[in-house]
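Biologist: Hey, can you walk me through this one? I'd like to start with how the pieces pack.

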Amino acid sequence: MHSPLRRLLPFICLSISVAASGISTCKGTNTSSMPTVLHNGRVFVAADGDAPQHFASAIVLDPGTGKITHVGNETDPAIVKAKAAPGAVVHDVQGRVVLPGFVDGHMHLCQTGAGLQKLNIRPSKNLGEIQAAIRAWAAEHPDLPRILCQGWFHPSTDGNELATQLDGLDVPGQNRPVYIDAEDMHSSWLNTAALEELGVADMQDPPGGHIRRGPDGKPTGVMEETAALGIVWPFLANKQTAEEKQQHVQAALDAYIAAGYTGVIDMAMGEEDWASLQQYRKEHGELPIWVAAHWLILPQPSSEDTLRQVDRAIELQSQYNRTSSPRFRITGIKIVADGVVDACTAAMQEPYSHNNQSVKPMWTREALEPVLRRADAAGLQIAIHAIGDATIKLAIDGLEAVGNPAGRHRIEHLETTAPEDVPRLGALGITASVQAVHLDPAGMTAWEKLLGKARCGHVFPYAAFAEHGAALALGTDSPTAPYAPLANLYVATTRKSALERNNTAQTTPQFALSLAAAVAAATRGSARSCFAEDRAGQLQPGREADLVLVDMEWDAEKLLDAKVAETWIRGKKIHPVA
Ligand SMILES: [Zn+2]
């Protein structure tokens, strides 16, 4: 293929046929724009509205401007002309499906990169397996100052976690701190050395968080919600060298590009990550994929301190916005209003079924409203994490009170939305930001015990949100779940497990999306959710030529066998690098 060479020699047309696959041809020399034509493909074109699937066979890109100039069929005069243009690169995509580049509607870039370097204990099914995995990792990595793990699946330890269970796993003579992120990233499990270096014994519970303690009042090892987000994460971020942080950014970018993403919405941006990304831009120029970020607002003891965080987001957005910096910007704020079902920290209207206990949302309506109003008034988008039906109701009520449907405010996760609240999203212009990987049946083994059968019968109601007019944005919430977009589409469409292929269980199959609707939600929907639809998310003339070539059959059941073969950004192939 020509593109890597073309990047180096943008104005020189090679007169030889490049050997790689022998399927590109190049005509003569040219000094003006040299179109790239991808033809003999199945180019996904979703019309506005309900996204009925429709395929064209060819697409013309202008690598000079980075934009799409035409989408159509081989006989279109514009395609014929582009193919014949001097210097044109004509690329036979051999029947592959051409999709808009994926846009992860909710993810965490720096944590994804950091996670790629941690021990993943998700495959460990119980405490013994977790301990064995850590022991082996510690022996393999004797030089690391800390043992960092991710992927702790709550049901594997059933709420009985203790710091002492993670002690003594290190190599002889060493007693390194061990930090384990829960799979959902809402809590951390620490060993005794970690609790000590963090100084947890002298801490109070932070607002919106909880430090688990024994009867003697001493911390027992688990930091929940803002105790993890606001204490553990910043501590560890501070311990990373600048070089390590850059490695994390690079690892996440490489992984995302290889997976087929061309844009992401980062859903919990803070000072540390912002500085890392700015440093990356300083060293490398612009990020290869575009990033729209929501600034994380943590509840503070005083409302002035809470609002000060909103002001910081406003200040940053005034410099990094859609006009001034479309590929790296602040688009809104993020509020985490409850936890997750598996940790029983999602706030439900009725108590949990197994213990008859309830938790409250982390924000009261009174604390929430001034934050929402200040953000909305400044033109920032609001994103509220809400998983329990009580929190979802609170979030919808809060956004209803703000009363700005054009602001494209959004609710993240929406896992247990009460049936009567489902139609409210569309009516209020609230984007349903959903992550299908979280409904993977392999990750929901505890739900029936925790919520009971009746509530489990109407969880993750994606199709119902759409039927009632809500815009969908599909994401993965990486690193809380795998980021691979095709596996995410598989779960959204089949409601079956991508983690365990032989698992035949389905999660509320009545709410499955069609393949076309799921693809649209993962591309156009996510782009629209952050006001980027004029540039991204659709294969249409005038949009940026961000696309992926996928080896696939257009069949939801076969998505786990589908593969992203190439990723193109702004008219240039950037993966795989030849
Ligand atoms: Zn998230």
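**Helices and sheet**

Modeller: Helix α4 (residues 127–140) lies across β10, β11 (147–152) and β12 (178–182), and runs at about 145 degrees to β11. Helices (H or I, at least four residues) and strands (E, at least two) are DSSP runs, numbered from the N terminus. Angles go from 0 to 180 degrees between N-to-C directions, with axes fitted to C-alpha atoms, for helices over the stretch in contact. Contact means C-beta atoms, placed from the backbone, within 7 Å.

Modeller: One caution: this is a predicted model, so local features need pLDDT of at least 70 and side-chain atom pairs pLDDT 80 or more, while totals for chains, interfaces and linings use all residues. Numbering starts from 1 along each chain as its sequence is written.

Biologist: Which strands does helix α6 touch?

Modeller: Helix α6 (residues 226–239) packs on the sheet against β12, β13, β14 and β15, with its direction about 105 degrees from that of β15.

Biologist: And what's the strand order in the sheet?

Modeller: β10-β11-β12-β13-β15-β14, six strands in an open sheet with mixed pairing. Pairing takes at least two DSSP bridges. At the edges, β10 (119–120) and β14 (209–213) each pair on one side only.

Biologist: How many bridges join β13 to β15?

Modeller: Three, with β13 (residues 187–190) and β15 (residues 219–225) running antiparallel. W189 sits opposite V222 in β15.

Biologist: New topic: at what angle do α15 and α16 cross?

Modeller: Roughly 135 degrees, and the axes of α15 (residues 485–494) and α16 (residues 515–529) come within 9 Å. That's why α15 counts as oblique to α16: under 35 degrees is roughly parallel, over 145 roughly antiparallel, 65 to 115 roughly perpendicular, and the rest oblique.

Biologist: Which residues meet there?

Modeller: P485, N488, L489, A492 and T493 of α15 meet L515, A518, V519 and A522 of α16.

Technical notes. Two residues are in contact if their C-beta atoms, placed from the backbone, lie within 7 Å.
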